[in-house]
Amino acid sequence: MLAGLAAIGLSLTNVPLLVLAIVALALVPVPFVGMALAPWTMALVRKRSDLERRLAAQAGVPVARPYHPPPERAVPGGWRRFRWTVTDPATWRDLAWLVPGAIVGIVLGVVALAIPLYGMVGLTLTPLWIWLGTDWYGYGTVWSVDTVGEALLCVPQGAAILAIGLWSAPWLRRVDALFDRLLLAPTRAAELRLRVTQLTVTRAGTVDAQAAELRRIERDLHDGIQARLVSLGMMIGLADELIDRNPAAARGMLAEARESSGTALVELRHLVRGIHPPVLAERGLEGAVRALALSLPVPITVDAELPGRLDTPVESAAYFAVAETLTNVVRHSRARHGWVSLRHGEGRLTIVVTDDGVGGAESAAGTGLRGIERRLAAFDGTMALSSPPGGPTVVTMQLPCALSSPRTTHSFVPD
């Protein structure tokens, strides 16, 4: 019943919005006023349409947003903003939906409200009216076996009608959502356009992430291993000069050079693990995440069900996304425990990382979470963050991918 009332109330707002939009478009020739009022009015229409899309998604009918991304420097009241608003076909589809959407919403809302209400009346008020009814002459209450039987018969009928109304309400809401999808969902051309825009943004993010990774590797090589190898060469050269004049000093330098070479080897191993960990190549995503969890100071419980291996690029992206998330858990969450869940189903890898920390994480507040989003977006993946103040923090990552049969990949990287 509440859903029917909500549907009727929301549908009644469509007509005033349409009238306001018509007035705003009629005032477009008026200097300054029209170009400022039209985008503001269309923004209200879009908010109403977005609300309907969210309600449709709750009813099990997902409806994607079809709008063009706003252009750069599109200030309110400016020509760019006005042109972006009125040239988007989705704007006119929203306007075209207002009246039929209101009619369908009101009709289905009334049906969803009337059936259970009629059942409640039959369950309560009708038996009471029959039981306490008077004869035609008003000489008092009619008490008879037939009257009592008729009153009792209304109870199961009212209960049945109420049950039918409650059962049919979600289906009526789904019918309304399916109708909304006809006009509020993006067309095929809009889907292709949005896909191109998404791929353009994803490509730019992937290129930036790749460039940043190459700069990191170059910096680690230049500042770490390269400098240590140069120092190693100098120590060996000095030892070669001192081997005849001062054998003891030469042996000390060779021992120091041996120690330096071991340190350089350790740094090289760390660098290789940062590019593609050998444990990931050998044991797959599940084994690599378990090994990573054991190396962290915060206890991490790993629950994984992956019957096969992922493609190497996807596996690597998933591993580093988990690694970055767990790094945030250790550094910022003040958590006592963490959990990682790995599941694959319906052609999609789902990763859920949870901790019992203080919460309050925001994807816009740091580069780590934005980096995870960019890494996953390169494979059409998504990340959702839930981190209320006080916790818990839940990071849900999804990657569309397929599993292959289990395989073992040998690594030739020295341990």
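Phe320 is buried in this predicted model, with a relative accessible area of 16%.

**Aromatic rings**
- The count of aromatic pairs comes to two; in one of them, the rings of Trp167 and Trp171 have their centres 6.4 Å apart and their planes at 45 degrees, so this pair is tilted.
- Trp167 and Trp171 both belong to helix H6 (residues 145-184), where they lie four residues apart, about one turn of the helix; Trp167 is exposed at 59%, and Trp171 is exposed at 52% relative accessibility.
- The charged end of Arg46 sits over the ring of Tyr67, at 4.1 Å from the ring centre.

**Helix H9**
- Helix H9 (residues 278-294) spans only 16 Å between its end C-alpha atoms, whereas a straight helix of 17 residues would span 24 Å.
- H9 has a kink of about 130 degrees centred on Gly284, and Gly284 is itself among the buried residues of this helix, which also include Pro278, Leu285 and Leu292.

**Loop residues with positive phi**
- Most residues other than glycine have a negative phi.
- Arg334, in the loop between helix H10 (312-333) and strand E2 (338-345), has a positive phi near 55 degrees and counts as exposed at 67% relative accessibility.
- Glu346, in the loop between E2 and strand E3 (348-355), likewise has a positive phi near 55 degrees and is exposed at 85% relative accessibility.

Technical notes:
Residues are numbered from 1 along each chain as its sequence is written. This is a predicted model: local features need pLDDT of at least 70, side-chain atom pairs count only at pLDDT 80 or more; totals for chains, interfaces and linings use all residues. Side-chain values use heavy atoms; hydrogens and water are left out. Helices (H or I, at least four residues) and strands (E, at least two) are DSSP runs, numbered from the N terminus. The expected span of a helix is 1.5 Å times one less than its number of residues. The bend at a residue is the angle between axes fitted to the seven residues ending there and the seven starting there. Buried means under 20% relative accessible area, exposed over 50%, partly exposed in between (1.4 Å probe, protein chains only). Rings of Phe, Tyr and Trp (its six-membered ring) pair if their centres lie within 6.5 Å; planes under 30 degrees apart count as stacked, over 60 as edge-to-face and the rest as tilted. A charge sits over a ring if NZ of Lys or CZ of Arg is within 6 Å of the ring centre and within 35 degrees of the ring normal.
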